[in-house]
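Visitor: I have a model open and would like to learn how to read its features. Could you take me through them one at a time?

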Amino acid sequence: MLLGITLGIWIMRGFGVLTFIPGGLIWILLLATIGTGVVYVVQRSKRW
């Protein structure tokens with residue numbers, strides 16, 4: 001879900017719809033998406 005939000009904001013910013021969003025916020029969202037994915041993989045591997 002976080003990946004979809006990040007991609008949506010990034011695409012809309014590229015088209016000029018959300019130009020007021022700073023690039024730093026895009027990086028924070030991208031890093032949060034990667035971090036969430038890593039946590040999910042680690043938790044999933046601990047169940048087995």
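Guide: Let's start with one side chain: tryptophan 27 is exposed, because its relative accessible area is 57% and exposed means over 50%, buried under 20% and partly exposed in between (1.4 Å probe, protein chains only). This is a predicted model, in which local features need pLDDT of at least 70 and side-chain atom pairs count only at pLDDT 80 or more, while totals for chains, interfaces and linings use all residues. Residues are numbered from 1 along each chain as its sequence is written, and side-chain values use heavy atoms, leaving out hydrogens and water.

Visitor: Where is the place of tryptophan 27?

Guide: Helices are DSSP runs of H or I with at least four residues, strands are runs of E with at least two, and both are numbered from the N terminus. Tryptophan 27 lies in helix H2, residues 23–47. The protein has two helices and zero strands.

Visitor: Which residues of H2 are buried?

Guide: In soluble globular proteins, nonpolar side chains tend to be buried together. Here, Ile26, Leu29 and Thr33 are buried in H2, and their cover includes H1. Isoleucine 26 touches Ile9, Trp10, Arg13 and Ile21, leaving aside residues up to four places away in sequence; contact means heavy atoms within 4.5 Å.

Visitor: Which residues make up the largest nonpolar core?

Guide: A nonpolar core joins buried Ala, Val, Leu, Ile, Met, Phe, Trp, Tyr and Cys residues through side-chain atoms within 4.5 Å. The largest one has five residues: Ile9, Leu18, Ile21, Ile26 and Leu29. Of the 48 residues of the protein, 15% count as buried.

Visitor: Is phenylalanine 15 buried or exposed?

Guide: Phenylalanine 15, in helix H1, counts as exposed because its relative accessibility is 69%.

Visitor: And how much of the accessible surface belongs to carbon and sulfur atoms?

Guide: Accessible areas come from the Shrake-Rupley method with a 1.4 Å probe, and for residues only the protein chains shown count as cover. The protein's accessible surface comes to about 4100 Å², and 75% of that belongs to carbon and sulfur atoms.
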